[in-house]
Amino acid sequence: MASQNLEEAFFKENDTPHGLVKRILYKKYLQAYFPKTQYEKVSYNYKTIIIDGFSGAGRYGNEWPNEIEKYGSPLIAVMVALGFCRKKRIQVNRKRNAGDAAENVSIDTNVVWGSDPSTKNPENELLEELKVKNIRTGIADPNCDIHMYFVEKNRNNIIKLKCNMELIIIRFLKRYYPSHKYGYAEEGSRTMFVIDTEPFSICIEIKRSEFSSFDPPSDLSHRNTRSLTFLDPFGYTHTPMERVQLFASAKGNEVLINFRSSYVNRFVSRNPGGVIKLFGMDDLEKVARLYGIERPDLEKNDDLVEFVKSVIRSCEPEDRSRFKNNICKIARNYERFLRSKIECKFLQSFEVVDEGNTTLYHLIHTTNHPKGLEAMKESMNRCSQTEGEMQMSDYQVLRKGHVLNFGNKDKHEQVATVIYEQFAGRKDVHIDKISAFVRDNTPYVYRKKPLRILQKDGRITRVRGRNGELQTKNYNFSDTVE
Ligand SMILES: C[S@@+](CC[C@H](N)C(=O)[O-])C[C@H]1O[C@@H](n2cnc3c(N)ncnc32)[C@H](O)[C@@H]1O
């Protein structure tokens, strides 16, 4: 697809329910991610790195909405980070002043992000703002606890992104920290903002570059680094596996990829080489053996196309009923390749369906940390429209009239049955085993309610110790239920 068409498609996408859901999912995950990697009481001293490889302009029109999810991904990340640091400080102060009623007047931790819409472009808006009160300073040491990199190749988007970002920073500081200043530096294709006065330690780097020329930061694979790389390209040719590998080479590195599965399905005949790179099929001989097919004749394009198609659409006969179309098979095979190429213990996938009821893309997340998996499942669960499946469908919303609802979608009865089927007849099962089973082997989020249901209808009982005392975290599962 020509890039012009892709851009047009993207701008339409922003206004769709699934465009909103994608941003909500990202926001929700970040709201869990910053606290988990930066919490004040932890003795480990993690550095959190966010990399957005295809940032866009950060804002979609003239509005300055109050809802974070109405902004583009770079502004979402910065708003969540600023809001997190502020909230953390308010909570610490509350604890410190516990008992002192006068000091403990409750301060709202929510941040007001919105302001009046403007008819000016972001550059002029920023000039106006800087004229009123310029709170820029130089940058002494950009070594911060949170470091965010935003990469974008389009010149106009970069100009807008820099201005939008600075306007958000200025307005936030003016509103909540009127004596704070922020560091600013511009150097070649890189612009940097640093907010490092307590309670903040945030560095923001905006880089005009193709993602393919952006090198991972030198500390990305350090032991104390926790990183999330978000890749949200228009198509599939800019995220070859060898690039993804660079950003997920260490245990602390997570990636969230917008995998354009429907484009892969549509354009594989036109660009089989691009799909080979996307999947990282470096050794075609080995891939052929793995999939039990013949190695392609590279001189013959048709042969290559058929080879690539049969790999990416492959599916075990017993799994056929699990996949509703080739697009979902492509996503599953990509996940298989991804797992084999990067440090990844857990992988979660979220299917997005368009208004015509066709699968559009998959959001794929990898992590090595069970808490990362839990938080992503929670975000996907809340953004999902279909209980028990990680899926969101414009068709259901726009054609069938389903109302978007970001609450918990688990049906506790159903989860209870899944747990019971796994452990039936087992004695003395520790709660950690049950929660790990739900987390790692089911599409559900672990909650206590299903256990209460099982207990109420006698399918599980609490274990008693030798002296008859209750062991509250261990359960006996009955053999059968009437
Ligand atoms: C789908 S949009 C990203 C949207 C963004 N995540 C958001 O939430 O608004 C893709 C962006 O990547 C940019 N882009 C396209 N090709 C690129 C490349 N090779 N390297 C970096 N950026 C690229 C486009 O200009 C566009 O702004």
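Residues are numbered from 1 along each chain as its sequence is written, and side-chain values use heavy atoms, with hydrogens and water left out. Because the model is predicted, local features need pLDDT of at least 70 and side-chain atom pairs count only at pLDDT 80 or more, while totals for chains, interfaces and linings use all residues.

**Salt bridges**

Side chains of opposite charge can pair when their charged atoms come close. A salt bridge is defined here as a side-chain nitrogen of Lys or Arg within 4 Å of a carboxyl oxygen of Asp or Glu. The count under this rule is 27 salt bridges.

| Pair | Closest N and O atoms |
|---|---|
| Lys 70 and Glu 67 | 3.4 Å |
| Arg 439 and Glu 374 | 3.8 Å |
| Asp 457 and Arg 459 | 2.9 Å |

The pair of Arg 439 and Glu 374 joins two helices: Arg 439 belongs to helix 15 (residues 431-441) and Glu 374 to helix 12 (residues 370-383), so the pair ties together parts that are 65 residues apart in sequence. Helices (H or I, at least four residues) and strands (E, at least two) are DSSP runs, numbered from the N terminus.

The paired residues can also be described by their accessibility, where buried means under 20% relative accessible area, exposed over 50%, and partly exposed in between (1.4 Å probe, protein chains only). Arg 439 has 16% relative accessibility and is therefore buried, whereas Glu 374, at 35%, is partly exposed. In the remaining pair of the table, Lys 70 is partly exposed at 40% relative accessibility, and Glu 67 is partly exposed at 35%.

Salt bridges also link Arg 59, Glu 125, Glu 129, Arg 171 and Lys 174 in a network.

**The ligand**

Tyr 60 places a polar side-chain atom 2.7 Å from an oxygen atom of the ligand. For Asp 232, a polar side-chain atom lies 2.7 Å from a nitrogen atom of the ligand, and for His 238 the distance from a polar side-chain atom to a ligand nitrogen atom is 3.4 Å. Taken alone the ligand exposes 600 Å², of which the protein buries 96%; accessible areas come from the Shrake-Rupley method with a 1.4 Å probe.

**Two buried residues**

Thr 239 is located in the loop between strand 7 (225-231) and helix 6 (241-246). Its relative accessibility is 4%, and Thr 239 therefore counts as buried. Apart from neighbours within four places in sequence, Thr 239 is in contact (heavy atoms within 4.5 Å) with Phe 54, Leu 231, Pro 233, Val 244 and Leu 278.

Phe 477 is part of strand 14 (residues 470-477) and is buried, with a relative accessible area of 0%. Leaving aside neighbours within four places in sequence, the contacts of Phe 477 include Ile 419, Tyr 420, Phe 423, Leu 454 and Ile 460. Arg 459, the salt-bridge partner of Asp 457, is also among the contacts of Phe 477. The C-alpha atoms of Phe 477 and Asn 357 are separated by 41 Å, the two residues being 120 residues apart along the chain.

Technical notes
Polar contact = N/O pair within 3.5 Å; in protein donor to acceptor, adjacent residues only side chain to side chain.
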